[in-house]
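Welcome! Below is a short tour of a protein model, written for someone new to reading structures. Take a look at it before you read on.

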Amino acid sequence: MSYTLLSRRLQTLLGALFLAAGAFTPTIASAQALNTKCPMMTEDDVEEEKAVDFKGNKILMCCGKCEKAWNASTDAGKTYWAKVATELGLLPQLKGKEKELGFEEVQLIEQRFSAVSFKTIITPESPTVEYKGKKYHVFNDKEIEKWNKNPDASYEKAVAAGVIK
């Protein structure tokens with residue numbers, strides 16, 4: 001057998017091996033897809049170093065404020081945030097794991113987002129403000145202060161944004 005023929009066969013074999021190996025790489029990478037938007041402040045991009053754990057699953061946050069709120073929350077609060085964020089398509093790494101993560105046991109409340117920041121997910125544990133005898137959830141104490149500066153305007157803005165009725 002000539003050297004040229006052997007060289008071509010070796011190149012063909014190596015090429016086939018590299019193609020076969022490359023065919024499996026996207027599957028492995030896509031199985032590990034992480035969120036790119038915060039599961040709390042839903043419009044904010046995440047930061048790689050702001051990661052939390054949820055029942056063995058890595059979730060990225062946008063900032064230290066969200067990371068701190070997550071870590072201070074109860075398991076029920078974390079599960080609530082994770083369920084809502086997964087339903088909104090924000091946590092692809094949890095898709096298909098809903099049953100094992102206990103999402104079916106979580107009862108969602110009517111209000112999903114803060115009455116002040118509009119795109120921040122709240123939980124039943126989130127702080128509340130009161131307006132004309134009805135309670136509305138906000139994300140944190142700073143938002144309570146903002147609401148209380150002008151409750152009438154805050155209410156009207158939240159209704160216009162569609163986060164409360």
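Let's start with Lys 165, which is exposed, with a relative accessible area of 68%; exposed means over 50% relative accessible area, buried under 20%, and partly exposed in between (1.4 Å probe, protein chains only). This is a predicted model, in which local features need pLDDT of at least 70 and side-chain atom pairs count only at pLDDT 80 or more, while totals for chains, interfaces and linings use all residues. Residues are numbered from 1 along each chain as its sequence is written, and side-chain values use heavy atoms, leaving out hydrogens and water.

**Salt bridges**

- Side chains of opposite charge can pair when their charged atoms come close.
- The whole structure holds four salt bridges, a salt bridge being a side-chain nitrogen of Lys or Arg within 4 Å of a carboxyl oxygen of Asp or Glu.
- Lys 165 forms one of them with Glu 110, with the closest N and O atoms 3.3 Å apart.
- This pair links distant parts of the chain, 55 residues apart: Lys 165 is in the segment after helix 5 (151-161), and Glu 110 is in the loop between helix 3 (75-87) and strand 3 (128-131). Helices (H or I, at least four residues) and strands (E, at least two) are DSSP runs, numbered from the N terminus.
- Glu 110 is exposed too, at 61% relative accessible area.
- Asp 45 and Lys 37 form another salt bridge, their closest N and O atoms being 2.6 Å apart; Asp 45 is exposed at 51%, whereas Lys 37 is partly exposed at 29%.
- Glu 98 and Lys 95 also form a salt bridge, at 3.6 Å between the closest N and O atoms; here Glu 98 is partly exposed at 23% and Lys 95 is exposed at 58%.

**Helix 2**

- Which residues of helix 2 (residues 64-72) are buried? They are Cys 66, Glu 67 and Trp 70.
- Looking down the helix axis, these buried residues fall within an arc of 100°, so they line one face of helix 2; the arc is that of the directions from the helix axis to the C-beta atoms.
- The face turned away from the buried side carries exposed Lys 68 and Ala 72.
- Strand 1 (47-54), strand 2 (57-61) and helix 3 are among the elements that cover the buried residues of helix 2.

**Strands 3 and 4**

- Strand 3 runs antiparallel to strand 4 (residues 134-137), and four bridges join them; two strands pair if DSSP finds at least two bridges between them.
- Thr 128 stands opposite His 137 in strand 4.
- Two residues lie between the strands of this hairpin, where Lys 132 takes a positive phi near 50°.

**Cysteines**

- A disulfide is a covalent bond between the sulfur atoms of two cysteines.
- How many disulfides does a search of the whole structure find? The search finds zero, with a disulfide counted as a pair of cysteine sulfur atoms within 2.5 Å.
- The sulfur of Cys 62 is 3.6 Å from the closest cysteine sulfur, that of Cys 63, which is too far for a bond.
- Cys 66 is in no disulfide either, as the nearest cysteine sulfur, in Cys 38, is 3.8 Å away.
- Both cysteines count as buried: Cys 62 at 5% relative accessibility and Cys 66 at 0%.

How values were computed
Contact = heavy atoms within 4.5 Å.
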